[in-house]
Amino acid sequence: MSAAVCEPGTFEDRGRAGHAVSVGAALAFHRGLGGAALRARNRRLVLAAARMLARAWRVELPLPAALLGSMVSVPLPLPDSASPEAALALNRRLWRHCRIEVPVFCLEGRLHVRISAQAYNEPTDYERLATAILGLAPG
């Protein structure tokens, strides 16, 4: 069956109906958490967190604040062992030893973390990340 054909009562039809209900429920939930005010709060939180991490790690943020939303990539102050394997190992180590879940990736020969902010995040979440990474950095 092609994606363009959707017979009433078929699996594809039920899936589309469920999708519409899910999107509506998700939007209502988001509005209940504050909607636009929550998005603004998340952006303020992640920008403050990114600046704090950059100061703590003595690194530069790759983009000006005007170009950032509620996710920011921050370079790590770790030696030149940047590779996809090193990123995965650090991600696992942060989770295993610190219970911190954060995407770690390699970009232009350097490891970065991508932080984000959601309704459940607080400044202390990012402070824990700063401390954990500093514990790994040499000298």
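Reader: To begin, how many salt bridges does the structure hold?
Author: The structure holds one salt bridge. Please bear in mind that this is a predicted model.

Reader: Which residue forms a salt bridge with R41?
Author: The partner of R41 is E122, and the closest N and O atoms of the two are 3.7 Å apart. The pair connects distant parts of the chain, 81 residues apart. E122 sits in the loop between strand 3 and helix 4, while R41 belongs to helix 2, residues 36-57.

Reader: How does E122 count in terms of accessibility? And what of R41?
Author: E122 has a relative accessibility of 41%, so it counts as partly exposed. R41 is also partly exposed, because its relative accessible area is 22%, and the buried class ends under 20%.

Reader: Let us step back to the whole chain. How many helices and strands are there?
Author: The protein chain has four helices and three strands. Starting at the N terminus, their order is α-α-β-α-β-β-α.

Reader: What share of the residues counts as buried?
Author: The protein chain has 139 residues, and 29% of them count as buried.

Reader: Now helix 3. What does it reach from its first C-alpha to its last?
Author: Helix 3 covers residues 84-98, which is 15 residues, and it reaches 21 Å between those two atoms. That is close to the 21 Å expected at 1.5 Å a residue.

Reader: Which residues of helix 3 are buried?
Author: They are A86, A87, L90, N91 and L94. These residues cover an arc of only 140 degrees around the axis, so they lie on the same side of helix 3.

Reader: Why would residues three or four places apart point the same way?
Author: An α-helix has 3.6 residues a turn, so residues at that spacing point the same way.

Reader: And which residues are exposed on the other side of helix 3?
Author: There, P84, E85, R96 and H97 are exposed.

Reader: One more topic, the largest pocket. How much space lies in it?
Author: The largest pocket holds about 320 Å³ of space. Its lining has 15 residues, and E101, V102, S116, N121 and Y126 lie nearest its centre.

Reader: Which element gives the most to that lining?
Author: Helix 4 gives the most, with four residues. Strand 3 (110-116) and helix 4 (123-136) each supply at least two residues of the lining.

Reader: How does the lining divide by class?
Author: The lining of the largest pocket has seven nonpolar, three polar and five charged residues.

Notes: Residues are numbered from 1 along each chain as its sequence is written. This is a predicted model: local features need pLDDT of at least 70, side-chain atom pairs count only at pLDDT 80 or more; totals for chains, interfaces and linings use all residues. Side-chain values use heavy atoms; hydrogens and water are left out. On a 1 Å grid over the protein atoms alone, a cavity is a set of points where a 1.4 Å probe fits but cannot get out, and a pocket is an open set with protein on both sides within 12 Å along at least five of seven lines; lining residues have an atom within 4 Å of a point. Grid points are joined across faces, edges and corners, and a volume is the space filled by probe spheres set on the points. Ala, Val, Leu, Ile, Met, Phe, Trp, Tyr, Cys and Pro count as nonpolar, Asp, Glu, Lys and Arg as charged, and the others, Gly among them, as polar. A salt bridge is a side-chain nitrogen of Lys or Arg within 4 Å of a carboxyl oxygen of Asp or Glu. Buried means under 20% relative accessible area, exposed over 50%, partly exposed in between (1.4 Å probe, protein chains only). The expected span of a helix is 1.5 Å times one less than its number of residues. The arc is that of the directions from the helix axis to the C-beta atoms.
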